[in-house]
Amino acid sequence: MAKQTITTREKDYSQWYLDIVKEADLSDYSPVRGCMVIKPTGYAIWEMIQQGLDKRIKDTGHVNAYFPLFIPVSFLTKEAQHVEGFAPEVAVVTHHRLESDGKGGLVPAAPLDEPLVVRPTSEAIIGDSFSRWVQSWRDLPLLINQWANVVRWELRTRPFLRTAEFLWQEGHTAHTTHDEAEEETLKILHEVYSDFLENVMAIPVFKGQKTEKEKFAGALRTYAIEAMMQDGKALQAGTSHNLGQNFAKAFEIKFQGQNQNEIEYAWTTSWGVSTRLIGALIMAHSDDDGLVLPPRLAPTQAVIVPIYKTDDEKAATLAAAEQLKAAIGDKARVKIDARDNVTPGFKFNEWEVKGIPVRIEIGPRDVANQTVVLGRRDRPGKEGKRFVSWAELPEALPALLEEIQTALYDRAKAFRDAHVTDVASYAELAAAVETGFARAWWAGSREDEDKIQLELKATIRCIPLEADQPGGEGVCVLTGQPATQQVLFARSY
RNA sequence: CGGGAUGUAGCUCAGUUUGGCUAGAGCGUCCGCCUUGGGAGCGGAAGGCCGCAGGUUCGAGUCCUGUCAUCCCGACCA
């Protein structure tokens, strides 16, 4: 039987998460507090996320570029809301040389004329570039994305969910009108973020608008996708901001219009998702046996484990494995685990902990019968095992992978639906956020939100977009006033 | 930034209460044999500035002072 090295979700959800990260070999701690080493297994998942998003970003007309890591501190002060939001957590570079202190140590020696901020996000430095790139209406829209690392000196960190340094993509665009910027903001939310999470990561998301209290520092409006984790808490998985003309005014992004001599400020947007998505992935699908990867995202979709005793059997099973891998070709991403120094049982467990969607076993009996055993990760034990002939495998495997993909999405969706409660009173709201999301009519103020956060540790995650809004009118869950919109409350990561 | 805990082998930890001979275990690693359909077994070996600095003492992993770091919980977190 498997050694239990992973804390169960029921016993300690937070520890379970940390155990999965460790046992699946996704990341390692670093000598610097809050920073993280992303190990090859974890980085391979990030590369899959990058590929899927990069394609969608380019398909919607954007191009990649790269902007500097360092930002003059004065840039950050140009947009008042922005500086207020980020100042508490920026890392600052103040010197550029180390000299010996005479005792074997090194001390910073040469102060910079102007301190440099290590980017916590790039609206400022990109706004500065945009101010020079945009002169005419012909220069718009300007549709840029960058893949980069950013630093936010967080006080409390957790692997992938919140780290001092993290990897992300940030899109930055400039447009001629408010409506065009708004359209861009929503297009990213739907066609890039939501599409990728639901169809590739198999994570159902709520798409909605942030309240004034929760929106991005400096934005006109913020939209987000919110996912539910298995403990019923919310994780903001991606954001898309309509920045209005706030940053254009702060950074002088101006253009001359088509039919007039007047100079206008551009309308800009920004949007991003990060390595936090790996945290979302873990908490959406994994179980007490380890990581569970949705097939479309899995860097390796199936592992062939040969089983043998004698040299002859070894030769026969390995040859069969190679033959089957070749027959599958590019229909699935398959790896052969030919390691000779660990037992099949060890391999089974290792690939299970690492979340590989399908395991293919080939032993002497299978060679004789021209079959393999397929085991699916989302259904542990005998229940998920079945025999398939060699001839059927190249078709059966991709079909099984798609079946698992759908099953994972359906399972996550069913879980989420079962943990969203419509609430009509404060008592019901308080009870609902203990175990999941609460949907409520809302007409409260920002102060009312603060009060609920203080008392219930829950915030308004979003005001769901039309598709999820019932329309009509109701009664505010807190104030009893007439309300025209519903919101989702939850505790969040 | 507040509260709690921990720093001893690559990893997880025991030993510290009550100072005392050459600092231990399990896992992992290396070598050999044997094994392989759900984390095998036996034998052998390597591996330590006991976080760092100072102090008390005949003697410090253990007591005292200081310091650094990490982890967990909370507050904060576009």
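**View 1. Aromatic pair of Trp46 and Trp147.** In this predicted model, a search of the whole structure gives 11 aromatic pairs. One of them joins Trp46 and Trp147 in an edge-to-face arrangement, with the ring centres 5.9 Å apart and 75° between the planes. The two residues come from distant parts of the chain: Trp46 belongs to helix 2 (residues 40-59) and Trp147 to strand 9 (residues 142-151), a separation of 101 residues. Trp46 counts as buried because its relative accessibility is 1%. Trp147 has a relative accessibility of 18% and therefore also counts as buried, the cut-off being under 20%.

**View 2. Aromatic cluster of Phe67, Phe130 and Trp133.** Phe67, Phe130 and Trp133 are joined into a cluster by ring pairs.

**View 3. Charged side chains over aromatic rings.** Two places are shown, each with a charged end over a ring. At one, the charged end of Arg359 sits over the ring of Phe348, at 4.5 Å from the ring centre. At the other, Lys451 places its charged end over the ring of Tyr426, 5.6 Å from the centre of that ring.

View 4. Glu170 is part of strand 10 (residues 165-175). Which side chain of opposite charge is nearest to Glu170? It is Arg119, 5.0 Å away. Glu170 is buried and has no salt bridge; a salt bridge needs a nitrogen to oxygen distance within 4 Å. The side chain of Glu170 does make a polar contact of 2.8 Å with the side chain of His172. Leaving aside residues up to four places away in sequence, Glu170 touches Arg119, Thr121, Ser122, Ile144, Asn145, Gln146, Val150, Trp271 and Gly272.

**View 5. Cis peptide bond at Pro141.** Most residues other than glycine have a negative phi, and most peptide bonds are trans. The bond from Leu140 to Pro141 is cis, with omega near -5°. Pro141 is located in the loop that runs between helix 5 (123-133) and strand 9.

View 6. Asp25 is not a glycine, yet its phi is positive, about 65°. Asp25 is in the loop between helix 1 (13-23) and strand 1 (27-29). With a relative accessible area of 26%, Asp25 is partly exposed. Phe160, also not a glycine, has a positive phi of about 70°. The loop between strand 9 and strand 10 contains Phe160. Is Phe160 buried or exposed? Phe160 counts as buried, because its relative accessibility is 2%.

**View 7. Salt bridge of Lys55 and Asp59 in helix 2.** The structure contains 33 salt bridges. In one of them, the side chains of Lys55 and Asp59 meet at 2.7 Å, N to O. Lys55 and Asp59 are four residues apart in helix 2, so about one helical turn separates them. Lys55 counts as exposed, at 53% relative accessibility. Asp59, at 55% relative accessibility, counts as exposed too.

**View 8. Salt bridge of Asp287 and Arg377.** The closest N and O atoms of the salt bridge between Asp287 and Arg377 are 2.8 Å apart. This pair links distant parts of the chain, 90 residues apart: Asp287 is in the loop between helix 8 (276-285) and strand 17 (302-306), and Arg377 is in the loop between strand 20 (371-376) and strand 21 (385-389). Asp287 counts as buried, at 12% relative accessibility. Arg377 is likewise buried, with a relative accessible area of 5%.

**View 9. Salt bridge of Asp422 and Arg439.** Asp422 and Arg439 meet through their side chains in a salt bridge of 3.0 Å, N to O. Asp422 lies in strand 22 (residues 420-422) and Arg439 in strand 23 (residues 437-442), so that the pair, 17 residues apart, links distant parts of the chain. Asp422 is partly exposed, its relative accessible area being 48%.

**View 10. Network of salt bridges.** Asp337, Arg339, Lys347, Glu350 and Lys354 are joined into one network by salt bridges that share partners.

Technical notes:
Residues numbered from 1 in each chain as written. Chains lettered and ligands numbered in written order. Predicted model: local features only at pLDDT ≥ 70, side-chain atom pairs only at ≥ 80, totals over all residues. Heavy atoms only, no water. Phe/Tyr/Trp six-rings, centres within 6.5 Å; stacked < 30°, edge-to-face > 60°. Buried < 20%, exposed > 50% of the residue type's maximum accessible area, 1.4 Å probe, protein only. Lys NZ or Arg CZ within 6 Å of the ring centre and 35° of its normal. Lys, Arg positive; Asp, Glu negative; His and termini not counted. Polar contact = N/O pair within 3.5 Å; in protein donor to acceptor, adjacent residues only side chain to side chain. Contact = heavy atoms within 4.5 Å.
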